Amino acid sequence: MGIKIESSKEALSKKITTGQATIGVIGLGYVGLPLALEIVKKGYQVIGIDKNNEKIAKLKNGKSYIADISNAIIGEALKEEKFETTTDFSKLVCVDVIIICVPTPTAADGTPNISYIEDAAEAIVQYMSADTLIILESTTYPGTTEEVVQPILEKGDYVIGQDIFLTYSPERVDPGNINFTVSNTPKVVGGVTEACLEISKLFYETIVNTNVYTVSNPKVAEMEKLLENTFRQINIALVNELSKICYKMNVDVWEVIEAASTKPYGFMPFTPGPGVGGHCIPIDPKYLLWAGQQHGITASLIETADKINESMPSFVVERLENYLIAQKNEHKAGKIVVIGVTYKPNINDFRESPALHVIQELMEKQYVVMVVDPYIETFSVNYCDINTVPLSKQLIQEADAVLILTNHTAIDYAMVDQNAALIFDTRSTHFLFSNKNYYKL
Ligand SMILES: NC(=O)c1ccc[n+]([C@@H]2O[C@H](COP(=O)([O-])OP(=O)(O)OC[C@H]3O[C@@H](n4cnc5c(N)ncnc54)[C@H](O)[C@@H]3O)[C@@H](O)[C@H]2O)c1
């Protein structure tokens with residue numbers, strides 16, 4: 001057995017250090033696609049597997065569906081024959097390192113839905129061969145790697161830590177962030193055994209140009225990811241609550257945050273907004289909440305933060321209505337131009353976006369809502385499809401108010417400033433507005 005441990009680990013290590021390993025990425029979404037292309041850049045052969053036929057067809061034609069990824073990058077990877085995309089899981093037979101990047105949403109009752117991870121693990125066990133490293137990168141509750149993935153993989157013929165290797169390494173990609181990408185963001189890795197840890201550290205050291213930080217087991221790595229995102233959720237809730245108090249007290253919350261930021265230690269600025277969105281901040285803390293509940297702990301801070309963040313769309317609508325009433329001296333549901341439906345600027349992801357709630361509430365109050373978003377053509381609110389419209393002088397001039405929900409850089413704010421009857425900016429857009437009816441959250 002001692003000889004076998006060395007041989008599997010050595011064989012895989014050799015393939016990794018010589019760049020001969022083939023890497024499989026399961027789930028080519030906001031996380032998996034950029035990761036797969038980064039691995040191609042490092043010289044590896046990559047097989048990307050996704051269940052979504054439409055996405056695979058686009059990739060095969062060199063077309064991107066993610067704002068950060070250009071068609072040119074995909075085209076180059078395809079031309080060099082370094083990147084194969086498929087819906088066929090049998091391709092896993094010839095893969096040496098498998099990275100799982102599938103979704104981890106919550107069920108309707110707010111509890112973790114890890115069925116996508118289970119499906120991926122079931123597919124892997126069907127096709128994997130010996131000397132394979134399997135890495136889970138999806139965000140999930142502590143225990144998933146060892147209590148869910150490991151038993152599925154053990155249904156196969158191989159022993160973890162001897163023939164195959166299993167680790168958890170959270171994905172930290174920040175869509176739209178041009179300063180931090182896969183290659184310059186430190187990686188955290190936790191292995192099921194020491195051999196698992198060593199081999200995955202070796203692998204990631206060939207992918208990232210920065211630190212690969214090892215922890216003692218997968219649970220620590222799973223928990224630290226939940227800490228990162230819960231830290232953001234709670235601090236965002238704090239400034240959102242602060243913004244409500246500041247509004248009532250007629251204090252500029254943005255100026256308060258800027259002033260607090262001059263403290264060189266012990267303070268980190270967060271900004272208020274219309275709520276939180278995306279696949280991470282509204283969801284990951286619920287995984288931690290659930291994990292606590294399984295062990296008799298009620299994470300009331302997480303619950304409260306969730307409530308505060310979820311209250312923001314209504315607060316935004318209420319404030320907008322107050323400004324409209326003050327300006328017109330009457331209450332009449334007019335025409336609102338909403339700028340930005342994505343959950344943050346310069347990306348094309350509107351999953352869980354608070355803009356959807358704001359728009360729904362405005363529509364329920366009989367406002368005519370026109371939505372401008374250069375990254376989105378169509379989206380739906382309450383099962384009703386809405387097409388975005390191009391930004392134009394006439395559109396702005398005809399509106400009773402412009403509501404900025406996402407501060408995309410591609411927007412002509414100067415034109416909006418000059419032509420809007422009223423502007424309510426929930427993002428303190430980095431543009432110096434001179435409009436006399438300009439209000440910030
Ligand atoms: N989006 C982010 O900013 C971000 C950042 C860090 C971590 N994460 C985590 O990464 C994971 C993936 O998130 P995402 O935003 O990339 O999701 P996504 O929905 O954009 O992509 C997931 C992809 O997996 C595919 N898929 C689902 N089940 C599959 C299966 N069994 N086999 C193959 N493909 C399958 C889907 O078709 C989809 O293309 C989640 O756990 C998320 O919490 C996301």
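# Sheets, domains and ligand shell of a predicted model

Reader: In this predicted model, how many residues lie between β11 and β12 in their hairpin, and which residue in the turn has a positive phi?

Author: β11 and β12 form a hairpin. Asn-382 sits in the loop between these two strands, and 11 other C-beta atoms lie within 10 Å of Asn-382, so it is exposed. The number of residues between the strands is two, and the turn residue with a positive phi, about 50°, is Asn-382.

Reader: In which sense do β11 and β12 pair, and what is the bridge partner of Val-381?

Author: Strand β11 covers residues 378-381 and strand β12 residues 384-387. They pair over four bridges, and the sense is antiparallel. In β12, the bridge partner of Val-381 is Cys-384.

Reader: Which residues does Gln-360 touch, leaving aside residues up to four places away in sequence?

Author: Gln-360 belongs to helix α12, residues 354-364. It has 16 C-beta neighbours inside 10 Å, so it counts as partly exposed. Gln-360 and Val-381 are 21 residues apart in sequence, yet their C-alpha atoms are 6.2 Å apart in space. The residues touched by Gln-360 are Val-381 and Asn-382.

Reader: Is Asp-131 buried or exposed?

Author: Asp-131 is in the loop between α5 and β5. Its phi is near 60°, a positive value in a residue other than glycine. Around Asp-131 there are 21 other C-beta atoms within 10 Å, and the cut-off is 20 or more, so the class is buried.

Reader: Why is helix α2 largely enclosed by the rest of the structure?

Author: Helix α2 spans residues 32-41. Its buried residues are Gly-32, Leu-33, Pro-34, Leu-35, Ala-36, Leu-37, Ile-39 and Val-40.

Reader: Against which elements do the buried residues of α2 pack?

Author: The chain just after α2 has Gly-43 with a positive phi of about 100°. As for the packing, the buried residues of α2 meet both strands and a helix. The elements are β1 (22-26), β2 (45-49), α4 (71-79), β3 (83-86) and β4 (97-100).

Reader: Which strands stand at the edges of the eight-stranded sheet?

Author: This open sheet has mixed pairing and the order β3-β2-β1-β4-β5-β6-β7-β8. Each edge strand has a single partner, so one side of each is left without a neighbour in the sheet. Neighbouring strands are turned by 25° against each other on average, direction ignored. The edge strands are β3 and β8 (212-215).

Reader: Which residue in β5 stands opposite Val-97?

Author: β4 and strand β5, residues 132-136, pair in the parallel sense. Their pairing runs over four bridges. The residue opposite Val-97 is Leu-133.

Reader: Which strands stand at the edges of the five-stranded sheet?

Author: The order in this open sheet is β10-β9-β13-β14-β15, with parallel pairing. Each edge strand has a single partner strand, so one side of each has no neighbour in the sheet. The edge strands are β10 (368-372) and β15 (438-440).

Reader: What is the bridge partner of Leu-403?

Author: Strand β13 (residues 401-404) pairs with strand β14 (residues 423-425) in the parallel sense. Three bridges join them. The partner of Leu-403 in β14 is Phe-424.

Reader: Which residues come nearest to the ligand?

Author: The shell around the ligand draws at least three residues from each of domain 1 and domain 2. It divides into 13 nonpolar, nine polar and five charged residues. Helix α5 (residues 115-127) gives the largest share, three residues. Of the 27 residues around the ligand, the nearest are Gly-27, Gly-29, Val-31, Ser-138 and Thr-139.

How values were computed: Residues are numbered from 1 along each chain as its sequence is written. This is a predicted model: local features need pLDDT of at least 70, side-chain atom pairs count only at pLDDT 80 or more; totals for chains, interfaces and linings use all residues. A residue is buried if 20 or more other C-beta atoms lie within 10 Å of its own, exposed if 12 or fewer, and partly exposed in between; C-beta atoms are placed from the backbone. Two residues are in contact if their C-beta atoms, placed from the backbone, lie within 7 Å. Two strands pair if DSSP finds at least two bridges between them. A residue is near a molecule or strand if its C-beta atom, placed from the backbone, lies within 6 Å of it. Ala, Val, Leu, Ile, Met, Phe, Trp, Tyr, Cys and Pro count as nonpolar, Asp, Glu, Lys and Arg as charged, and the others, Gly among them, as polar. Domain bounds come from an automatic or database domain assignment. Axes are lines fitted to C-alpha atoms, for helices over the stretch in contact, and angles run from 0 to 180 degrees between N-to-C directions.
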